[in-house]
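Here is a friendly walk through the charged side chains of one protein model. Have the viewer open as you read, so that you can follow each residue in turn.

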Amino acid sequence: MKKKLTTVFVSLMVLSATAQHHKLWYEQPAHTWLRALPIGNSQLGAMVYGGTDIEELALNEETFWSGSPHDNNSPDARQHLKEVRDLTLTGREEEAHQLIDKYFFRGPHGMRFLPLGSVKLTLGHKDVTDYRRELDLADALATTTYTYHGVKYKRTVFASLSDHAIIMRLTASEKGELEFDVHFDSQLKADVFGVTEREGVSVNELAAVVEGVEQEGIKAGLKAECRIRIETDGEIKRKVNALEVDDATTATLYIVAATNFVNYHDISGNPIQKNNRTLDALKDLSYKQLLKRHLDKYHEQYDRVSLALTSTPSQKALPTDQRLSSFDGTDLDMVSLMMQYGRYLLISSSQPGGQPANLQGVWNGKKNAAWDSKYTININTEMNYWPSTVANLIETQRPLLSMIRDLSATGSKTAQQMYGCGGWLAHHNTDLWRIAGPVDGTTWGMFPTGGAWLTTHIWQQYLFTGDRQLLADYYPVMKGAADFLIDYLCPHPKYGWLVTAPTVSPEHGPMGKKTTVTAGSTMDNQIVFDVFSQTIAAAKILGEDSSYISHLTAAIQQLPPMQIGRHGQLQEWLWDGDDPKDEHRHISHLYGLFPSNQISPYTHPDLFTAASNTLKQRGDMATGWSLGWKINFWARMLDGNHAFRIIRNMLTMIPDSIEWGGHGGTYPNLFDAHPPFQIDGNFGCAAGVCEMLVQSHDGAVHLLPALPDAWSEGEVKGLRARGGFIVDEQWSDGQLLSARIRSTIGGMLRLRSYVPLKGKGLIPAVGDCPNALLQRADIKQPLHSPELTSFDQLPLRPVYEYDLDTKAGKSYEIKVNR
């Protein structure tokens, strides 16, 4: 046994040593945007094509959107709310739908995220050899290398997290053999300037001013400037709208961009002055210094987590597009790569002080992006931030929290004008201007709980960190969401429960109805329960008004319970309208399973079984983002094999020529394919892999809760758990070998495991977990359909539970007790 364990640990050490050296690499330049490689620093994003004849960096600036400050609240909604509500509550939802379309949607329907333009380098290198382009996730560097006429050329590009610029370094192996032209073009109206055409542009600079666009009657209010500075040991010449570099061996491009955006109601900024400040800060820093500053900043976030899974050398040696197309479930390091790619993309698209990652992160190559590349807050924006907690990237969520605070201001106006309610709300979409009214139409937009759902991210961050100051800062935002719901809820005349009306279960309607309009959808009920429960808990921690706490507590008791329908499914609506053959992409009523914690195998095994039935009825294939959600669902079902089946479905190659329609999968550059591209699937996959390895929502920190049989050996380090714990795990033969838990804030740690454990201070657990950050949800008993004739609860694996009293800053070694 000792020899076997030694062999296992040596094997795991080898895995760990290479765990973070993940690269996407290819043998040809990208000929489409969906083959180019993404870099970003939150403010700026670029897609790097790796061309040899012409190199292209397709740029985005996070605040460059159409339109200008505005709201989209309909003043007619309030006077028709009672009529709409009465129709909805009495089974006349189709009539309610028509009135909502007529009176609740004033427009516009949200502004769009714009492409800035492209920096292009004309190199003229054709028929090259030894070509390779890659994206190194460990260092956030995109590199292109090749040989042309006996000269080796190399380009390295990174988006500096520390210095707010995109930097490209070009080198040639032979002196004076580096020659190229640089120019800028854009799909939008743009003026390009050189040194002789605009004051303040240096001889080695190119500047482009790009005009924003009007949309749906909202005039363009934004203007962007992109500046390109070149430093080289060669000669720089001015050409018409371009710069020419000759006789060089090395050249460095510094690319910056900015707009006049200040915040959602202020566009008085000066993009030229912003770019001047950024470039001035770079002047005294060498390329090596800039690279080091970038790596130090990036590594501080990326290096927190590593995941080692097995693959063969031949699998790892394949170019990434070939590796993806040949994925058969045995190349487990590809799963690790996808998890880390999700973390890379979140780091690159969401940093403190910036905008949240939108539907495409910070990357968009189209003048009219799919769904405007906005913030879709009936699942997609929330999914973007699932990795921020468990994958140990807490600071990436700050832009989202800032947007929620903005919405609490704009949404308070919407709540009053449209519904006569206090507090605040947002519907199913928002944008740079923080619109809070409904968009697109009743089927999609009549979702009054989008903002409420967003506030649960505040509470979840508190559970993971124990940050009381965060709670104090954002308690008014949480309370405002609860205040709106208290005012918006109404008693259902048939059931007597307090329900939201009108509302929808996102984008999906029941059998026998020609509308999505309903009262008290299961998802809404679950969201309302969470918002009330979390606001109560926050109020108690902060010593807020006890009468308000009592008010919310009384309301919770009047909410509908979850219901199990005649097909053994969790009902999506108050009445049993689910179609067991319907494989709709939205499975909104399982919000209570994930991301919430209302469905537990241990306290409500009947709901747990119903959730499983629902998932089986919805099937294993879907759009890309839906696959991302399903990975998390099956992880919470403690079924690692099924979760891995969904991952395998997600790792289906979708050709870059398919931009619409069909089932989900992954594009050649590993972007998630809805299709079209939506980045939420990448983030959902990353979070799902982490959820398979550790969970902490259900009364304990559960080690390896959903490990697939195929992942028989591996190691993960740095995952976050609620309670402020950082978790490392090693396993072999499909069972936990050891764990190392670091406590960041102290407190009682309850561990759950499928194998017995031992460790200093570890004692068998008794009763409920005393750590409030790990507590379960206290929900009503579910109702069962009288038509349900057979219902066998899912069997559960036996578990062992232990308590460990931890101290802040201390680490604790846990081993299997053989």
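Predicted model: local features only at pLDDT ≥ 70, side-chain atom pairs only at ≥ 80, totals over all residues.

A search of the whole structure finds 40 salt bridges. As background, side chains of opposite charge can pair when their charged atoms come close. Three of these pairs are set out here.

| Salt bridge | Closest N to O distance |
|---|---|
| Arginine 35 and aspartate 321 | 3.7 Å |
| Glutamate 300 and arginine 304 | 2.9 Å |

Let us begin with arginine 35 and aspartate 321, which form a salt bridge. This pair links distant parts of the chain, 286 residues apart. Arginine 35 is in the loop between strand 1 (23–26) and strand 2 (37–40), while aspartate 321 belongs to helix 7 (residues 320–325). Aspartate 321 has a relative accessible area of 12%, so it counts as buried.

Because glutamate 205 lies in strand 12 (residues 205–211) and arginine 227 in strand 13, the pair ties together parts that are 22 residues apart in sequence. Glutamate 205 is buried, with a relative accessible area of 1%, and arginine 227 is also buried, at 1%. Strand 13, where arginine 227 sits, covers residues 223–232. The side chain of arginine 227 also makes a polar contact of 2.8 Å with the side chain of asparagine 276.

Elsewhere, salt bridges that share partners join Glu205, Glu225, Arg227 and Arg229 into one network.

What gathers in a patch of negative charge on the surface? The residues are Glu174, Glu177, Glu179, Glu235 and Asp247. Glutamate 235, one of them, is found in strand 14 (residues 235–239). Its relative accessibility is 39%, so glutamate 235 counts as partly exposed.

Finally, is phenylalanine 104 buried or exposed? Its relative accessibility is 0%, so phenylalanine 104 counts as buried. Phenylalanine 104 is placed in the loop between helix 3 (93–103) and strand 5 (117–122). Its C-alpha atom and that of aspartate 284 are separated by 56 Å, and the two residues are 180 residues apart along the chain.

Terms used
Residues numbered from 1 in each chain as written. Heavy atoms only, no water. Patch = residues over 30% accessible without salt bridge, like charges linked within 9 Å, V, L, I, M, F, W, Y side chains within 5 Å. Areas by Shrake-Rupley, 256 points an atom, 1.4 Å probe, with all protein chains shown as cover. Salt bridge = Lys/Arg side-chain N within 4 Å of Asp/Glu carboxyl O. Lys, Arg positive; Asp, Glu negative; His and termini not counted. Charge placed at Lys NZ, Arg CZ, Asp CG, Glu CD. Helix = DSSP H or I, 4+ residues; strand = E, 2+ residues; numbered from the N terminus. Buried < 20%, exposed > 50% of the residue type's maximum accessible area, 1.4 Å probe, protein only. Polar contact = N/O pair within 3.5 Å; in protein donor to acceptor, adjacent residues only side chain to side chain.
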